[in-house]
Amino acid sequence: MFFVTALDNNIYFLLLSIVDMSSPLMYGTPSSRVEGTPRSGVGGTPARQRPDLGSIRKAPQVDLHSDADGAVASEQALGQKLVIWGTDVNVGTCKEKFQRFLQRFIDPTSNEDENAGLDLNEPLYMQKLEEISVVGEPVLNVNCSHVQSFDADLYRQLISYPQEVIPTFDMAVNELFFERFPDSILEHQIQVRPYNALKTRNMRSLNPEDIDQMITISGMVIRTSQLIPEMQEAFFQCQVCAFSTCVEVDRGRIAEPAVCRNCNTTHSLALIHNRSAFSDKQMIKVQESPDDMPAGQTPHTTIVYAHNDLVDKVQPGDRINITGIYRAVPMRENPRQSNVKSVYKTHIDVIHFRKTDEKRLHGLDEDSDQKLFTEERVQILKELASKPDVYDRLSSALAPSIYEHEDIKKGILLQLFGGTRKDFSQTGRGNFRAEVNILLCGDPGTSKSQLLQYVFNLVPRGQYTSGKGSSAVGLTAYVMKDPETKQLVLQTGALVLSDNGICCIDEFDKMSDSTRSVLHEVMEQQTLSIAKAGIICQLNARTSVLAAANPVESQWNPKKTTIENIQLPHTLLSRFDLIFLMLDPQDEAYDRRLAHHLVALYYQSEEQIEEEFLDMAVLKDYIAYARTYINPRLNEEASQALIEAYVDMRKIGSGRGMVSAYPRQLESLIRLAEAHAKVRFSDKVETIDVEEAKRLHREALKQSATDPRTGFVDISIITTGMSATARKRKEEVAQALKKMIQSKGKTPAMKYQQLFDDLRGQSEAAITKDMFEEALRALADEDYLTVTGKTVRLL
Amino acid sequence: MRMWFVCRFCCPAAQSNSNPEWEAKVLEYFKGQLREKESHSWVPSLNDVPLHYLKPNSLVKFRCLVQDMFDPEFYMGVYETVDPSTKANVLRCGKYKDVTECGVDLNSRNTVTAERQTFYCVPIPGESPWAKEISFLSAARVVPSTSYVPSRQKRSYEEDDDDMDTQPQKQREPHTGGKFGTVNEPHGNGDSKRQETEAPSSQTTAPSDCSSHLDLNFPLPGERGPACLVKVYEGLDSFKLNDTLEIYGILSVNPVLTVLGEEKDPSLLLLNPTESMETPEEQRAHDPPASLVPRLHMLYARPLQHNNPLLPSAPTEDQSAFVSSFLVEMASVRAELLAYLTHVLLGDGLAAEYLLLHLISNVYTRRDVLPLGKFTLNLSGCPLNSYTERLYQIVQQLVPCSYRLSMSLHTMNSMRLVPKKDYVANRLVSGALQLARNTSLFLDETQLEQGQLDSSGVRNITALGNLISWQKVDYDFSYHQMEFPCNINVLVTSEGRSLLPSDCQVPLQPQVTPPNMEEYLTTIHMAQFTSQINKFRVYLSLARTLDYSISDEVTKAVEDDFVDMRKDDPQSVTAEDLHRMLVVARLLSLSLGQTTLSRDGWMRAKHIDMLRRSRTEQQKSLNGNEP
């Protein structure tokens, strides 16, 4: 349809240049810049070249729609039917449509952070133009999905012929802008940068059909080159008569003029570098993000060229969305060879960058890379959510290869969902932790590591580290000097990387103290402060911690408290919402079920397993959906129930003269209740959620905070590291010792060993050396005595 | 003869035909031809025949491992050019070719752009010399019978033929023994056959020398053989990294490929953006000289379940017949093999039993993160002084793929075990843990001495631990890690208990103490006939592939048993023990050729596990400080 002979082309070209002065033909060519010709309606603002749209050589020529009657069209009719050669884009219509889009497009539901502060009920892009006139940055970012919802045909043209359509857009914007703000002074004319093209999302799905089209892909920057000055226009001067001429670069080559046009001397022209025009260019290598990849294959990479002000916008390691034009260039032909490689080199010319992990550093509260769910998927998930036993179903779908431990699985399930994020920064409390932290401790070989591995594989932003192998630096962040640029780069560690995810830490007990101390901040404030090598910053680490610890004496000692068994500081322990013991229950019925489970594991076929359990993929989607879309709030009854639960917990202890609950426990309860509501896809936290939270919390407490001496649940084991009974005993011994010393009358100094033996003889309960020393220390604190070496002196 | 014509047909004839139908037809034709009995052995193999003997643009096969997958590339599927003789515009086909002919009209509207992907393939790492030799011999026997061989090639094959006719029987028997004698060179040239073929190649290009400055990226050090860039056109998603394949394709060694890469005019570089994209390292990795790394345009690839040349490779009726005929013998071969291994393990029958089970273990499925069927064996109490080295050589003689990693402090600190992405050259730099499925990895911990592990050493040990516990290797992509599941049989030999985790530890209890270990083992080895060894080899590969199930009745019995055991001694019997015993029972049944677990089988498994446990406990009480 558009095929015409070269002769025709020339004719129409001429025609057009008379008809339509503002056509993209003239747009942005270097010659127009050099001559400084102001175009109508644009004022004196110079146009700026757009190397991202490809070389000017391909400047569109214009062809006529083949008319049915074939009559010679009048000039006016021509204006309607002119299209850019090889496309179906009519410059006039396209411009008009885009201007209409800019003037009318309203998106009241927009929640993009870029639109913050704009009135959503007014035309969006007109406000942005106003912003440009104030700020003076002549770039207009246009969301392609807006264009699509406004005019699907325009969107199609934009995607298919970006090289032609974007200049038209530029033109339209500039006309509109200078009409509205005739006095504005900009550095150069406004450039339109479309982003979020829906065409391609994944690097893997790029195929030959995408060549020369506009695409958006996501990926991670792995390498950036140094700045490449690319010559756009060569400046030649005649050595004889100083006549100068400019030659445009065509396909990367300069046609050196052989003869001076002025004095007709041959080979007299020399290239003057510093009067030639260059543009900035940078090569960036982008690798597929790990989430997009099928298992068992290696990630693909793509070469991306950034031009002008997009140079140095991204660093290696950044995750970005790129909108650009996909190009394929044949391998250079070697003049000395007739055979060439039949391979094309492909790259993307960037039009727009968007960092996707920016928010992690700046803490805007929104998931940028939300997973998109199809209607059917959502339907399936909702159906699942409406089932009454969804909670049990999900928890049994979790790590089916691990037997029983139902409550632990439920706890982990709630951890996966997390509480509702609340912001109290107004009242000075800062962010309220929404993440649930869980500690598993117990005998070695009770599949703790396996649970951790499973969770790590389930969540998209999971990190797995072992306490033995990680250092504080590896967990938090470290500063690295880039060998090439000598620039300091902040490399984030496991905790920061698992922001919004789960950080699984195995062998928690083997972690060095300095490493563990980092966790204090992370587990309550959810931030990480770094002051290193001149970089001071606070990173978000809103991560849930799932840790596993082994008892110090390889086997769990039931006669000791949790603290004594795992030897972790209680300050850290109290930051865990749930502490579970994974012990061997040692009962026959359990053994039988366990055996059945394991044998089944070994001989059941894949299909049977799948029938029995929910698919891991469904579980993943379910969690992702709930995390993004469900934000439950407490209702009246639930709040009452929580208050009651808390008061009850306090009461239990006060009966025996000790505190059995702290506000931290209340917070935990709220989080768990919210998470449980999320599991049900409910927007309200109801009494049943609180009940389950209470139950689970009690179960965990029962396991971990039971005082082995009395058999009572005693929260102070976790909050202070010592049970109330133990503390009471300590006091008693100290008092007994004091009494004994007093009964001895006035002896200013005593032998240490003597005293110990006396005390042991006097007391009916066995007194260990530790207890004796503790008692001495307590008395020393009272300023009653001092211990120097082997003697004890009274004061 | 036929195959040669096929090639002629496919390449030039199809060029004038842009109809995509022919593509499907070509593939179908080849697949049909190759399905025919024996036909695949007519195709010369890159593994066996030196590259310069192979005719360019002919059909070859290559038995290999996918080491790296490069980015997809676009090529001219159809292009327009001017026929030099007729001066007319003609369309040419670019498929299955690297290079275009004559001047290409780049602006032609008839150009069709198509997509293909390049895989970097290396010979299967750690392939045992015997496997190479047998497949070489069987190939060499067939190839000369097709009369296509061009004159230059014919000469070489006649040479080989002569060797063949005179050598095989009288040479092969002592050959394996002789190989065993020259132990100091593990990848040695005791293999006279291989030497024969390598020698002439060293005159021309000397691949081993060149590969020193051009890193061919083999996973294991000391490997040789051709690496190949395989261009894949169909079914890109069905291939995975580390797959073992037998690829049938068209060989391309056009020297233009090299020249294009080397000729670089620096002045052009600045102006032509397409040239500056690649670093020299990247060019070297992606466009190595075709004389060293030939290109192979894939027509058809067959995934290999195993690389044992003694077994029929394709799952056809052929194979099932072979299996059922061998099943009868299974029990007797097992007894012989067990006796042999007992001798090798200095008379320790229990250790031999476990070693046998280990050798046929296989990760047959995964439940979420848990690999099922893995059976890492830790042979502790190994005598020092090169016993482990000998042991490895015997294992190597039995399995088709193996590698011995001597865990000395130096190797642990310096060796690259985990593959790492090199972003400068844009390729995956291989590591010793990039191995094909069912490779036997022999970790020799007796070599480990006291000293300091540096950070890379710690990483290596962690990687080995992960490999053993989860059967996966986390490849290092600098910015993130990527998990690749694997299926590697790990055998750890150590003095005390290994520092690495293992599924099962067997302390070796030598019954005999030969004064000269070397001599002792050599005699044992010499005493076996090649036919006997071959039987063992078939046995081990076959037992691994058998199906297995447990009936409900036995399930019940096992459950009851477990409950009883727990009742008796709840401290020492854990879920982990049940896991292990189920694997042992499975392997034990399979080793006897039984595909279901019988009560008997379960009792046997329980029995040997009990023997083993009493032994470890004994060990523990002997040296009480051991954890």
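What share of the 795 residues in chain A is buried? The answer is 51%. Buried here means under 20% relative accessible area, exposed means over 50%, and partly exposed lies in between, with a 1.4 Å probe and protein chains only.

Some ground rules. This is a predicted model, where local features need pLDDT of at least 70, side-chain atom pairs count only at pLDDT 80 or more, and totals for chains, interfaces and linings use all residues. Residues are numbered from 1 along each chain as its sequence is written, chains are lettered from A and ligands numbered from 1 in the order in which they are written, and side-chain values use heavy atoms, with hydrogens and water left out.

Let me start with chain A. It has 28 helices and 28 strands. Those are DSSP runs numbered from the N terminus: helices are H or I with at least four residues, strands are E with at least two. Chain A exposes about 36,800 Å². Carbon and sulfur atoms supply 51% of that area. The areas come from the Shrake-Rupley method with a 1.4 Å probe, and for residues only the protein chains shown count as cover. Now contacts, meaning heavy atoms within 4.5 Å. Take those in chain A with a separation of 6 or more: residues 24 or more positions apart account for 67% of them.

Next, a sheet in chain A. Five strands form an open sheet, in the order β16-β19-β22-β15-β23, with parallel pairing. Two strands pair if DSSP finds at least two bridges between them. Which strands stand at the edges? They are β16 (462-466) and β23 (578-582) of chain A. Each has a single partner strand, so one side of each is left without a neighbour in the sheet. On average, neighbouring strands of this sheet are turned by 15° against each other, direction ignored. Axes are lines fitted to C-alpha atoms, for helices over the stretch in contact, and angles run from 0 to 180 degrees between N-to-C directions.

Look inside that sheet. Strand β19 (residues 502-506) of chain A pairs with strand β22 (residues 544-549) of chain A, in the parallel sense, over four bridges. One pair to find: A:Ile505 has A:Ala547 in β22(A) as its bridge partner.

On to two helices of chain A. Helix α11 (residues 390-397) and helix α12 (residues 406-417) of chain A pack at an angle of about 100°. Their axes are 9 Å apart. The two are therefore roughly perpendicular to each other. For the wording: angles under 35 degrees count as roughly parallel, over 145 as roughly antiparallel, 65 to 115 as roughly perpendicular, and the rest as oblique. Who meets whom? From α11(A) come A:Tyr391, A:Asp392, A:Leu394 and A:Ser395. From α12(A) come A:Glu406, A:Lys409, A:Lys410, A:Leu413, A:Leu414 and A:Phe417. The residues of this contact divide into five nonpolar, one polar and four charged. Ala, Val, Leu, Ile, Met, Phe, Trp, Tyr, Cys and Pro count as nonpolar, Asp, Glu, Lys and Arg as charged, and the others, Gly among them, as polar.

Now chain B. Its secondary structure comes to 21 helices and 17 strands. Of its 627 residues, 57% count as buried. Chain B exposes about 25,700 Å², and carbon and sulfur atoms supply 52% of it. Among its contacts between residues at least 6 apart in sequence, 78% join residues at least 24 apart.

Chain B has an open sheet of five strands too. The order is β10-β13-β16-β9-β17, and the pairing is parallel. Its edge strands are β10 (402-406) and β17 (504-507) of chain B, each pairing on one side only. Neighbouring strands are turned by 20° against each other on average, direction ignored. Helix α14 (residues 387-398) of chain B packs on this sheet. It touches β9, β10, β13 and β16 of chain B, and its direction makes about 165° with that of β10(B).

Is strand β16 (residues 488-493) of chain B mostly covered or uncovered? Mostly covered: six of its six residues are buried. In a regular strand the side chains alternate between the two faces of the sheet. On one side of β16(B) sit B:Ile488, B:Val490 and B:Val492, and on the other B:Asn489, B:Leu491 and B:Thr493.

Its partners, quickly. Strand β13 (residues 439-444) of chain B pairs with β16(B) in the parallel sense over six bridges. There, B:Phe442 stands opposite B:Leu491. Strand β9 (residues 377-380) of chain B joins β16(B) through three bridges, also parallel. B:Asn378 stands opposite B:Val492.
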